[in-house]
Amino acid sequence: MSDIKYILGSFGDPDEMMHGIDKLQENNITIYDVYTPMPIHGIEAKLGVKRSRIDIAAFCFGITGTCAAFALIYFCAVIDWKVNIGGKPSFALPDFIPIMFELTVLFCAFGMVLTYYASTHLFPGRAPRVMDLRATDDRFVIAIDAHENAAHTVIDDLLKDAGALEVKYNERKYISYE
Amino acid sequence: MGTHNINFSEQFEFTGKVKTLSIVGIVLGVAAIAYGFLAGDKVMHERTFANLLLMGYYFACVCMSGTFFLAVQYVAQAGWSASILRVPQAMAKTLPIAAVILVVIISAGLYTHNLYHHWHADGLTDKNSPNYDAIIAGKSVFLNVPFFLGRQLLFLGIYSIFSIMFVKFSYNEDLAGGLNSYRKSFKNACIFLVIYGFTTPIFAFDTVMSLEAHWFSTMFGWYNFAAMWVSCLATIAIIIILLRRAGYMQWVNNSHLHNLGQFIFGFSIFWTYVWFAQFLLIYYANMPEETVYFYKRFEYYKFWFFLNLAMNFLAPVLLLMDRDNKRTDIRLLFVAVVVLLGHWVDYYQMIMPGAVEDGHNGFGIIEIGIAAGFVGLFTFTVLTALSKKPLIAKNHPLLQESLHHQL
């Protein structure tokens, strides 16, 4: 068994890369992931990427914000320190709504950013880990797990046939900015 | 999705059941108006006029928002909508008819003292008269009959001219191709949006807010703008979905519906935001001259007041939040119909308290009949306009983007 962990096919053109994905899938080769410098229409469906669940996270953060705001105002204005404002009842729901709305947005926004950081292992101070640096620039890279797919020469040929400009063998999963 | 099998000269045929139904609607409307004027007393006349104003205003607002939709698409250089532009164009083309009807209703109501009697009655601005009203006298520089009618004519005239221009540019584009028409549309859309943005609040102040001339709210213009814009989007969605179900416009895919659904969702929330901004400030400041507006609505229109919020806020938010609901035409159709009916309720509780004596409002033959009449009229005029030209603007420069639209 070699030390090669990942095979990377590096394409200069997104259409050729999409064609390459088709070719690999026809030959029952599982694709680990694809890295592109820009979003490409229809690639999620082709790779079978599941829909993001960040909307569920957003809802949970949002509802937390609503409840937190309600609890805060209720404690301040109804329980702890009642203030007579224009003779209105202490528990005046319309007054609560702007604050509840704002905290919903705040919790939702911060929560989604943090969720995104956590799920992508991307937070301040951490060197971003990439498989191929040029995937952030001008190359469209298909990554294939070398251990799962034994016939490396076949993969190599398929990628070259589909128009890969370069095929690389990574012995480490990621190359960081050293 | 292939674009090679699109029939670029596909035309809508306005015949059969839809045509019959729309004529039946118009007949019902005329019958209801006749009933209101012939069978009733003064209270009934006011109620008929209030309903006519409601539906006339609704009709004109939906049509002019169609023009606004066109202008927004041109200014944003939006590509997704290029293949559905004929629908708002048909609405824009109908605006002159709607404008004439609205002006006739307003002037008839004004001169017969059935509408706007809060500021248009004998002696209101005459210091020596027993009817003298200092607040109305103070507003009379702005709120007097010639200036009021002049503004109505001016605004509706400007909107109509721009509507006709946008439609004409697009038809020219069909014949000549090239970018000239698009450039002209872009330039005029920029001018139109500035004019529209500054004048619609005044238009709403005049047409609806002045029914209760003692009261004022600076939010009212935007509140009405949100209502007319979201009801226009719902109308566009309904027309497109029904056309698609009837076999036309097969190039419209789920992503176009998704965009319309997002618009309806977003602007329903915007509507609620503005509605609430108006409500909260009045509620919080608690000044009698302002709270009288909500006092009336709470005292005599409580059911409508809450129904309004349920239909225009809760329904779209809860039903359109989900991505699949925006992309499934039957569900989007349902929400669009709810929103459209909801804004009838919205206008109803805006207009009725100021136009009809307290406690004399109602919901019956007149309301339903006149609404049916105007729906029939809208269907008839818009679909007639739509059937005149192909359903796709084949030379629109961004058409390919729209045909391949994918979200």
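Start with two helices of chain B. Helix α2 (residues 42-75) and helix α12 (residues 329-355) pack with their axes 10 Å apart, at an angle of about 140°. Helices here are DSSP runs of H or I with at least four residues, strands are runs of E with at least two, and both are numbered from the N terminus. Axes are lines fitted to C-alpha atoms, for helices over the stretch in contact, and angles run from 0 to 180 degrees between N-to-C directions. So α2(B) is oblique to α12(B). On cut-offs: under 35 degrees is roughly parallel, over 145 roughly antiparallel, 65 to 115 roughly perpendicular, and the rest oblique.

Handedness next. α2(B) passes α12(B) in a right-handed crossing. Right-handed means that the near helix is turned clockwise from the far one by less than a right angle, and left-handed means anticlockwise.

Who makes the contact? From α2(B), B:E46, B:F49, B:A50, B:L53, B:L54, B:Y57 and B:Y58. From α12(B), B:W344, B:Y347, B:Y348, B:I351, B:M352 and B:A355. Contact means C-beta atoms, placed from the backbone, within 7 Å. By class, that is twelve nonpolar residues, no polar and one charged. Nonpolar covers Ala, Val, Leu, Ile, Met, Phe, Trp, Tyr, Cys and Pro; charged is Asp, Glu, Lys and Arg; the others, Gly among them, are polar.

A word on what we are looking at. This is a predicted model, where local features need pLDDT of at least 70, side-chain atom pairs count only at pLDDT 80 or more, and totals for chains, interfaces and linings use all residues. Residues are numbered from 1 along each chain as its sequence is written, while chains are lettered from A and ligands numbered from 1 in the order in which they are written.

Helix α7 (residues 220-245) and helix α8 (residues 254-285) cross at roughly 160°, and their axes come within 9 Å. That makes the two, α7(B) and α8(B), roughly antiparallel. Their crossing is left-handed. On the α7(B) side, the contact includes B:W222, B:Y223, B:W229 and B:L233. On the α8(B) side, B:F263, B:F267, B:W271 and B:W275 are among them.

Now the loop between α7 and α8 of chain B. B:M249 is found there. Its phi is near 50°, a positive value in a residue other than glycine. Is B:M249 buried or exposed? Buried, because B:M249 has 23 C-beta neighbours inside 10 Å. The cut-offs are 20 or more other C-beta atoms within 10 Å for buried, 12 or fewer for exposed, and partly exposed in between, with C-beta atoms placed from the backbone.

Compare B:N286. This residue is in the loop between α8 and α9 (288-300) of chain B. B:N286 also has a positive phi, about 60°, and is not a glycine. But B:N286 is exposed, with 12 other C-beta atoms within 10 Å.

One more in chain B. B:V375 lies in helix α13 (residues 365-387). B:V375 is buried, with 21 other C-beta atoms within 10 Å. B:V375 and B:I26 are 349 residues apart in sequence, yet 7.8 Å apart in space, C-alpha to C-alpha.

Over to chain A, and its sheet. Four strands form an open sheet in the order β2-β4-β1-β5, with antiparallel pairing. Pairing takes at least two DSSP bridges between two strands. The edge strands are β2 (33-35) and β5 (166-170), each pairing on one side only. Neighbouring strands are turned by 20° against each other on average, direction ignored. Helix α1 (residues 14-26) of chain A packs on the sheet, touching β1 (6-11), β2 and β4. The direction of α1 makes about 20° with that of β4(A).

Now the pairings, one by one. β2(A) and β4 (residues 140-145) of chain A share three bridges. There, A:V34 has A:I142 as its bridge partner. β1(A) and β4(A) are joined by six bridges. A:S10 is partnered by A:V141 in β4(A). β1(A) and β5(A) pair over five bridges. A:L8 is partnered by A:K168 in β5(A).

What about cover on β1(A)? Six of its six residues are buried. A:Y6, A:L8 and A:S10 sit on one side, and A:I7, A:G9 and A:F11 on the other. Both faces are covered.

Last, the contact between the chains. Chain B gives six residues and chain A gives five. The chain B side divides into four nonpolar, two polar and no charged.

Technical notes. Two residues are in contact if their C-beta atoms, placed from the backbone, lie within 7 Å.
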